Amino acid sequence: HDINWRAIRPYLLASCMGVPLGLLVLQHAPEAWLLGILGVLISLFGVYNLIVPKASTQSASSTSGSSTSGSSPAWLTYPLGLFGGILGSAYGVLGPPVVLYSSLQGWSPAMFRATLQGYFVLTFVFIVGGHSLAGLWNQQVWSLYVLSLPLVGIAAYVGTRITQRLTAAYFERLVYAGITILGIMLIF
């Protein structure tokens, strides 16, 4: 019930359009330069938001979880969504662009987490379908996928428990720190 479908729907559409492009990138583009550029941009965004003081990052309504409007420019939705779909399909790195997009929205921690989980499930279904049609799924991939499911369930449960105990401001700082770490990991 915390998923903000209105805000994530256009982003999800753009991501799904990026999946076929990601399959082309997977087969033809050098991985290192694309991930390096993404890593630098994401790290800079995370560090900037950790350093620059904000007078008020969230309104009272978004702190309570009832906000549905975002604060990011609308033009960012489609390029970030498309880039997220490309990265998700090509390299399995779906998170950084959508986390960046979602962090600009000023959502409560519950809405942030729920919306991202809904987005990830739907987008990965589309990515898995694209990979399957391209013949990229084999017995080893299926085995690793099945083995990962219990860990994904445990991580979702632990994440829910942790975010329920955090203030919105502290959650936001953790998100920006996580974005910075993800960016650095993509560079190296």
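This is a predicted model: local features need pLDDT of at least 70, side-chain atom pairs count only at pLDDT 80 or more; totals for chains, interfaces and linings use all residues.
## Ground rules

A residue is called buried when its relative accessible area is under 20%, exposed when over 50%, and partly exposed in between (1.4 Å probe, protein chains only).

Residues are numbered from 1 along each chain as its sequence is written, and side-chain values use heavy atoms, with hydrogens and water left out.

## The overall picture

Read from the N terminus, the elements go α-α-α-α-α-α-α-α.

Of the 188 residues in the protein, 43% are buried. Take the contacts (heavy atoms within 4.5 Å) between residues at least 6 apart in sequence: 87% of them join residues at least 24 apart. The protein exposes about 10,500 Å², and 72% of that comes from carbon and sulfur atoms; the areas are from the Shrake-Rupley method with a 1.4 Å probe, and for residues only the protein chains shown count as cover.

## Aromatic rings

Rings of Phe, Tyr and Trp (its six-membered ring) pair if their centres lie within 6.5 Å; planes under 30 degrees apart count as stacked, over 60 as edge-to-face and the rest as tilted. This rule gives eight aromatic pairs. One of them is Tyr 11 with Tyr 119, edge-to-face at 5.3 Å centre to centre and 65° between the planes. That pair ties together distant parts of the chain: Tyr 11 sits in helix 1 (residues 5–28) and Tyr 119 in helix 6 (residues 109–133), 108 residues apart. Both Tyr 11 and Tyr 119 are buried.

Then there's Trp 142 with Tyr 145, also an edge-to-face pair, with 6.0 Å between centres and 85° between planes. Trp 142 and Tyr 145 are about one helical turn apart, because they are three residues apart in helix 7 (residues 139–163). Trp 142 is partly exposed, since its relative accessible area is 41%, and Tyr 145 counts as partly exposed because its relative accessibility is 37%.

Tyr 101 belongs to helix 5 (residues 95–103). Tyr 101 forms one aromatic cluster with Tyr 11, Tyr 119 and Phe 120. Between Tyr 101 and Thr 77, 24 residues apart along the chain, the C-alpha separation is 7.2 Å.

Helix 5 also holds Pro 97, which counts as buried because its relative accessibility is 2%. What does Pro 97 touch, not counting residues up to four places away in sequence? Its partners are Tyr 11, Leu 80, Phe 83, Gly 84 and Leu 87. Leu 87 is ten residues from Pro 97 in sequence, with 8.8 Å from C-alpha to C-alpha.

Helix 2 (residues 31–51) has 21 residues and should span 30 Å at 1.5 Å a residue; its end C-alpha atoms are 30 Å apart, so the two agree. The expected span here is 1.5 Å times one less than the number of residues.

The buried residues of helix 2 include Leu 34, Leu 35, Gly 36, Ile 42, Phe 45 and Asn 49. Which helices do the buried residues of helix 2 pack against? They pack against helix 1, helix 4 (77–91), helix 5 and helix 8 (168–187).

How values were computed
Helices (H or I, at least four residues) and strands (E, at least two) are DSSP runs, numbered from the N terminus.
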